[in-house]
Amino acid sequence: MTLSHAPSPDTLDEEAARLHESAVWQELVASWPTTAPPEETCPRPAAPQEEWRALLSVPVAELVAEAARALPAPDPAVASPLPGRAGAVLPDRLYGWRRAGRVEVLPSVHMAYARRVLVEWGWQNRPYRMRNLRGARCLCGALLTTHRLGHGSLDTANRSAAWLMTELRERGWRDLIGPWNRAPGRTAAEALELLDAARARARRAGE
């Protein structure tokens, strides 16, 4: 299934589950290290000739991923402010013009903007609602709003949701993101912590 131009949070949730279960995604998740390599007590400095020779044996894709991981994500507070509190309650379709001329972003950057949406506009856990009357979003709703504000394509939003799903699976949650988001007793702090952990996973994978 291909995401439509205006999917609902539940649609994004279901499509992210399909992406997470795909062989391609599982291979991606398995490819990044879960722990940092042990530090050498007395590492031997490589000679200049050895450094460039060592690079010849590294796949280009790995070099690109390593470079992406080293780049700091832009600060959403500086890069692109939200439209203000009044903007939280306006229909997201009114922000389509903000996508004009925007470049693609990594899922980890997309999730940084989504975090700001949750912090400034609020988090909510009402069933089957992207947002409440005050403009607060659920987790999937924040990802979609971030896309509609001009940060990342629908594919990026889908990959961000798949990283959330990956983090939830590591914690033993076997259902979708929506049921986790609206579980009794769930808090905004828990939602933000989950988003931060998923973003860290994505960054380690070069995403």
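Student: What relative accessible area does Asn 125 have?

Tutor: Asn 125 has a relative accessible area of 27%, so it counts as partly exposed, a class that lies between buried (under 20%) and exposed (over 50%), using a 1.4 Å probe and protein chains only. This is a predicted model, in which local features need pLDDT of at least 70 and side-chain atom pairs count only at pLDDT 80 or more, while totals for chains, interfaces and linings use all residues. Residues are numbered from 1 along each chain as its sequence is written, and side-chain values use heavy atoms, with hydrogens and water left out.

Student: Okay, and where is Asn 125?

Tutor: Asn 125 sits in the loop between α6 and α7, where helices (H or I, at least four residues) and strands (E, at least two) are DSSP runs numbered from the N terminus.

Student: What does Asn 125 touch, leaving out residues up to four places away in sequence?

Tutor: With those left out, Asn 125 touches Asn 181, Arg 182, Ala 183 and Arg 186, a contact being heavy atoms within 4.5 Å. For Ala 183, the separation from Asn 125 is 58 residues in sequence and 7.8 Å in space, C-alpha to C-alpha.

Student: What about Gly 122, is that buried or exposed?

Tutor: Gly 122 counts as buried, because its relative accessibility is 19%, and its place is also in the loop between α6 and α7. Gly 122 and Ala 136 are 14 residues apart in sequence, and their C-alpha atoms are 4.2 Å apart. Not counting residues up to four places away in sequence, Gly 122 touches Val 117, Ala 136 and Arg 137.

Student: Switching topic, how many helices and strands are there?

Tutor: The protein has 10 helices and 0 strands. Of its 207 residues, 43% count as buried.

Student: How do α6 and α10 pack?

Tutor: Helix α6 (residues 107-121) and helix α10 (residues 188-204) pack at an angle of about 170°, with their axes 9 Å apart; axes are lines fitted to C-alpha atoms, for helices over the stretch in contact, and angles run from 0 to 180 degrees between N-to-C directions. That makes α6 roughly antiparallel to α10, a word used for angles over 145 degrees.

Student: Which residues make that contact?

Tutor: On the α6 side they include Met 111, Arg 115 and Leu 118, and on the α10 side they include Leu 192, Leu 195 and Arg 199. By class, the contact of α6 with α10 has 9 nonpolar, 1 polar and 4 charged residues, where Ala, Val, Leu, Ile, Met, Phe, Trp, Tyr, Cys and Pro count as nonpolar, Asp, Glu, Lys and Arg as charged, and the others, Gly among them, as polar.

Student: And how many residues are in the largest nonpolar core?

Tutor: The largest nonpolar core has 40 residues, and Trp 163 and Ile 177 have the most contacts inside it; such a core is a set of buried Ala, Val, Leu, Ile, Met, Phe, Trp, Tyr and Cys residues joined through side-chain atoms within 4.5 Å. The elements giving two or more residues to this core include α1 (9-21), α6, α8 (154-170) and α10, and the largest share, 8 residues, comes from α8. In soluble globular proteins, nonpolar side chains tend to be buried together.

Student: Last one, what does His 20 touch, again without residues up to four places away in sequence?

Tutor: His 20 touches Trp 25, Gln 26, Ala 162, Met 165, Thr 166 and Arg 169. This residue lies in helix α1 and, at 10% relative accessibility, counts as buried.

Key: Parallel < 35°, antiparallel > 145°, perpendicular 65-115°, else oblique.
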